[in-house]
Amino acid sequence: MGLGHDHGHGPSTADASTRRLWPMAVGMAVIGVFFVVELTVGVVVNSLALIADAGHMLTDVVAMAMGLTALLLARHGGTAGEKTFGWHRAEVFTAVANAVLLIGVAVFVLYEAVERMGTDPQVPGLTLIVVALIGLAANVAVMLLLRSDAEGSIAVRGAYMEVLADAVGSIGVLIAGVVAMTTGWGYADIVVAVLIALWVAPRAVKLAADALRILSQRAPAHVDVDAVRADLAALPGVHDVHDLHIWTLTTGMDVVTVHLGSDADNADVLPAAREVLAHHGLDHATVQVDPVEMQKRCHRDLTW
């Protein structure tokens, strides 16, 4: 019986130890300050669009705080005792929480919009325009800070999506302000708030689905499991591939374990198998080679 284990990580692997923390911290401060400003103005002028956008700003702050905590845990959390995987998956839980927050805000805004129907809302268009322009500038600045790290971390991606939603919201508020100022049609405020909520909701669901895919330990979407199995089975001396498990620990950290039935020399099979797995982007691999006399027993003992 031979075991092969490979921890090699290529340059594309987004390990928590290499992720930048300062963009999240700076972004959280910028968005936090503007949240207070926008909420205050929204309540004073009774603008649902401003309040809706401020609600998204609040989820931004919470998302960044949780994301920053998750990244710190992944970087500095211990792996002793029961925590054999460390705290890397804290990022995934953060993404789920972000998605729930976004959906909650969307539902609240839709509820408030229904409640305000028939009230002939009056909002000061110029105030909406000024606040929206400031908010859009803040959102764009934070998006630029987070953009380079968004693909490498699901926690950062969740925060980035929150800020992107706010940027769209600020554009909507800007449009509502222009309409209100030029036509006096106050319902533009409610219409924009509803459109913001409807734009955010499906993206929040997509983020939650990505996180739940990881938590349910399904194979990564970019990995063709059947192709991996076929390529391993095609190796010289390998006549059986079983107990193949491929899952994602957190963004950029895919893991695979597999048993190979083979009568060839382990020194030949293991490097070839690792090369195949690396070709599929699976650098963190554990390969067990079962000799002929072990294979029936291995199949009998495996129940999942």
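## Confidence in the model

The protein chain has an average pLDDT of 78, and 82% of its residues score at least 70, where pLDDT is the predictor's confidence in each residue, from 0 to 100. This is a predicted model, in which local features need pLDDT of at least 70 and side-chain atom pairs count only at pLDDT 80 or more, while totals for chains, interfaces and linings use all residues. Residues are numbered from 1 along each chain as its sequence is written, and side-chain values use heavy atoms, with hydrogens and water left out.

Confidence is lowest in strand E1 (residues 2–7), with a mean of 52, and highest in helix H7 (residues 225–233), at 94; helices (H or I, at least four residues) and strands (E, at least two) are DSSP runs, numbered from the N terminus.

## Helix H4

Helix H4 covers residues 125–150, and its 26 residues, at 1.5 Å a residue, should span 38 Å, which agrees with the 35 Å between its end C-alpha atoms; the expected span is 1.5 Å times one less than the number of residues. H4 also has a kink of about 35°, centred on leucine 144, the bend being the angle between axes fitted to the seven residues ending there and the seven starting there.

## The nonpolar cores

A nonpolar core is a set of buried (under 20% relative accessible area, 1.4 Å probe, protein chains only) Ala, Val, Leu, Ile, Met, Phe, Trp, Tyr and Cys residues joined through side-chain atoms within 4.5 Å. The largest has 38 residues, of which Met24, Leu50, Met64 and Leu146 touch the most other members. Helix H5 (154–183) is one of the helices that each supply at least two residues, and H5 gives the largest share, 9 residues.

Apart from this core lies another, of 21 residues, including Val223 and Leu277.

Notes:
Buried < 20%, exposed > 50% of the residue type's maximum accessible area, 1.4 Å probe, protein only.
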